[in-house]
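Trainee: I have a new structure open and would like to go through some of its side chains with you. Could we take it one topic after another?

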Amino acid sequence: MWGIIALFTLMQLVILFIFGYTPYPDSNAYIQLAQKCIEANEQYPIVSEINTIPFIWNLGAINAVYYSLKLFGSITPLFVFYSLIKGFSAWLIYYISKILFNNKIALTTLILYVVYPANYGECTSTLSELPFIFFMLAGIVLVLRNYSLICGFFLAIGNWVRPMGIVFLISLIIFFIITNKKKIIPLVVGYLMCIAIIGSISFYRTGHFIYQAKTGWMALLEYSLDNSNDKTAKGTHEKVYHIINNDNIPATEKDNYLRKICIEWISNHKTEYISQMPKKLINTFVSDNVNLCVFLKDKNSREYMYEPLSIKTIYKSFPILNITQWLTIINLIYYYILLLSSCIGTYFLIRKKCWKQLSIPCSVILIGTLILLAAGHGEARFHIPFMPFIIMLSAYTFVNLKVN
């Protein structure tokens with residue numbers, strides 16, 4: 001087991017030093033913001049820019065870049081650190097599977113995880129998914145080892161990196177409702193305490209209680225309007241642009257204004273809002289090719305890096321494909337097998353009434369998906385935090401599937 005994890009970690013480092021930085025748009029933006037923080041000699045967000053920035057982005061992810069630049073003058077140490085925690089995440093997934101299921105399923109989960117092509121190259125960018133998943137998995141392990149209060153801290157720190165910690169908090173509450181209700185209180189207390197600490201430090205520095213990104217309402221509103229047939233959408237768009245470009249409104253308050261506009265639009269367009277959800281669901285789960293961009297030869301010169309690995313491009317180009325595109329096809333087949341087998345595993349567990357084993361994996365996937373449908377927009381990257389749990393359920397299927 002440890003040999004597999006060590007090799008998996010080593011491969012992360014090898015890919016990092018062979019293929020180098022992968023310039024995802026968000027990753028580039030994080031680096032640019034961190035460089036501005038270096039110039040201002042303060043972490044993100046910069047106090048003097050609170051009113052001029054359109055929104056508060058993923059604080060933890062941006063500040064990780066800031067401190068790497070500040071301490072080492074380079075982002076390479078951060079990538080090395082991400083490689084190490086990616087490898088350690090493999091052990092966390094193994095341990096969670098072992099406690100929820102058994103040794104055989106845990107080993108199968110680990111093998112499925114390290115063989116999956118999409119799990120390589122993630123440490124070559126500053127995107128928030130990798131550190132977020134690490135903190136969530138570490139929090140779950142702490143819960144399973146009876147450290148609920150500390151788990152709450154880990155979930156809140158992960159939420160500081162990417163604002164989806166609430167999905168895992170609710171999932172663990174469901175787990176404790178089934179197993180031990182007394183542990184809910186320390187879990188929630190730990191989560192709220194950490195948020196209070198993060199927010200208080202921010203308030204002392206900026207005058208605003210900021211503990212997570214403030215982008216959700218803007219993203220939901222823009223997606224809803226961009227996919228709307230309503231004639232008033234253009235006017236609502238203009239309201240949004242007016243708010244986010246208004247230098248007299250702090251970014252935290254801009255989010256509040258956008259929330260009011262978004263709720264008002266949804267209340268007046270309920271049918272259209274709901275009708276957009278199937279497309280969000282498809283866009284979220286249709287592929288898992290994002291991390292394979294690391295292997296593109298011309299990734300640093302492409303205006304739209306994702307295009308060569310899109311299903312549409314591969315379909316049009318087939319069978320004349322490059323090596324990375326063939327790897328993408330293999331990855332897609334693997335991904336679809338994981339999705340299908342995880343559904344079968346869920347069915348088996350429901351039929352056996354294994355609610356304890358189901359509670360964490362299924363809650364994370366279902367609650368996370370519902371939140372993305374209700375308050376987000378469809379994008380393939382967004383399902384990445386669910387993959388460890390999809391793989392656990394898939395492993396259960398492969399271990400327990402019998403041919404009659």
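Trainee: Where is Met11 found?

Mentor: Met11 sits in helix H1, which covers residues 2-19, where helices are DSSP runs of H or I with at least four residues, numbered from the N terminus. This is a predicted model, in which local features need pLDDT of at least 70 and side-chain atom pairs count only at pLDDT 80 or more, while totals for chains, interfaces and linings use all residues. Residues are numbered from 1 along each chain as its sequence is written, and side-chain values use heavy atoms, with hydrogens and water left out.

Trainee: And is Met11 buried or exposed, or something in between?

Mentor: Met11 counts as partly exposed, at 34% relative accessibility; buried means under 20% relative accessible area, exposed means over 50%, and partly exposed lies in between, with a 1.4 Å probe and protein chains only.

Trainee: Okay, salt bridges next. How many does the count come to?

Mentor: The count comes to seven salt bridges, each being a side-chain nitrogen of Lys or Arg within 4 Å of a carboxyl oxygen of Asp or Glu. One of them joins the side chains of Lys36 and Glu49 at 3.3 Å, N to O. Lys36 lies in helix H2 (residues 25-40) and Glu49 in the loop between H2 and helix H3 (59-72), so this pair ties together parts that are 13 residues apart in sequence.

Trainee: What about Arg381, which partner does its side chain meet at 2.8 Å?

Mentor: That partner is Glu129, in a salt bridge of 2.8 Å, N to O. Because Arg381 lies in the loop between helix H17 (355-375) and helix H18 (387-400) while Glu129 lies in helix H6, the pair ties together parts that are 252 residues apart in sequence. Arg381 is buried at 4% relative accessibility, and Glu129 is buried as well, with a relative accessible area of 2%.

Trainee: Switching topic, where does Ser228 sit?

Mentor: Ser228 is in the loop between helix H10 (216-226) and helix H11 (233-244), and Ser228 is buried, with a relative accessible area of 13%.

Notes:
Helices (H or I, at least four residues) and strands (E, at least two) are DSSP runs, numbered from the N terminus.
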